[in-house]
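Welcome, and thanks for opening the viewer.

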Amino acid sequence: MQDILNSPRHRRIVTLVQAHGFMSNEDLAQRLGVTVQTIRRDLNALSEAGHVARYHGGASPASSTENIAYGERQSLHSRAKEAIGQCASRLIPDGSSLFINIGTTTEAFARALTSHKDLHVITNNLHVAVALSPRRDFRTVLAGGLVRPQDGGIVGAGATESLSGFRADFGVIGISGIEEDGTLLDFDLDEIQCARAIMRHARRVILLADHTKFTRSPVGRVGDLSSINDFVTDRMPSSPFVAALEAANVRLHIA
């Protein structure tokens with residue numbers, strides 16, 4: 001039987017769906033210059049072959065329970081992440097202390113701190129520490145623990161204990177998935193423990209997440225909206241989620 005991905009159009013559909021988290025039939029038809037009916041047939045075939053998950057009106061990646069490789073996450077939605085980072089950086093006054101956790105969006109946030117002065121940063125993200133280390137007026141503390149070679153994250157019991165030894169004005173965290181009821185999700189248990197430690201020891205918690213996090217379903221629970229104070233994203237969330245933010249008294253910021 002011929003592999004369905006031998007078709008350039010089918011490969012392009014899978015690439016677009018993986019990059020955007022969810023693509024509607026209409027968006028795919030416009031991108032590929034074909035009819036919506038053609039896209040529906042393509043998605044049915046790709047879904048049967050296990051390459052995408054078919055939903056009414058469009059499709060999502062075949063699995064939302066496995067994380068994307070770090071190199072691919074760096075390039076996905078990079079403009080949205082940079083915008084989120086810039087927006088979140090404006091919430092941080094000069095002279096603040098802050099935690100920054102693992103993630104490509106938090107790395108974008110760290111790069112956006114260039115105009116700040118006199119910050120004290122505690123992080124379990126090796127890339128964040130490298131980005132901030134040239135600043136003479138920043139005090140950058142790198143949590144102790146196991147360095148993951150695939151993404152520069154520092155995890156394990158040592159990292160959690162190290163983070164718990166500080167108290168900071170802000171905790172800036174990324175996340176891998178968000179459910180509409182406000183449940184915050186991630187993939188790795190060690191990473192979850194570090195995020196929880198940051199949320200416990202920060203006076204104000206800022207969550208950074210682009211719109212695709214609403215289409216992903218990691219199995220690990222980090223917490224819920226009651227654990228955060230500000231949510232920075234790149235698109236207006238759904239009405240039920242906005243209502244959940246308001247009920248939890250979380251400030252919404254659209255980059």
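One definition before we start: contact means heavy atoms within 4.5 Å. This is a predicted model, in which local features need pLDDT of at least 70 and side-chain atom pairs count only at pLDDT 80 or more, while totals for chains, interfaces and linings use all residues. Residues are numbered from 1 along each chain as its sequence is written, and side-chain values use heavy atoms, with hydrogens and water left out.

**First stop: a sheet and its helix**

Helices (H or I, at least four residues) and strands (E, at least two) are DSSP runs, numbered from the N terminus.

Two strands pair if DSSP finds at least two bridges between them. Pick Met23 and you will find Ala59 of β3 as its bridge partner.

**Second stop: another sheet**

Move to the open sheet of 3 strands ordered β10-β11-β13, again antiparallel. β10 (177-178) and β13 (220-223) are at the edges with a single partner strand each, so one side of each has no neighbour in the sheet. Click Gly177 to see it opposite Leu185 in β11.

A nonpolar core is a set of buried (under 20% relative accessible area, 1.4 Å probe, protein chains only) Ala, Val, Leu, Ile, Met, Phe, Trp, Tyr and Cys residues joined through side-chain atoms within 4.5 Å. The largest has 29 residues, and Leu163, Ile178 and Leu207 are among those with the most contacts inside it. Helix α9 gives the most to this core, with 6 residues.

Which residues does Leu207 touch, leaving aside neighbours within four places in sequence? Its contacts include Ile173, Ile178, Leu184, Ile228 and Phe231. Apart from this core lies another, of 20 residues, among them Ala88, Leu119, Val128 and Phe170.

Technical notes: Buried < 20%, exposed > 50% of the residue type's maximum accessible area, 1.4 Å probe, protein only.
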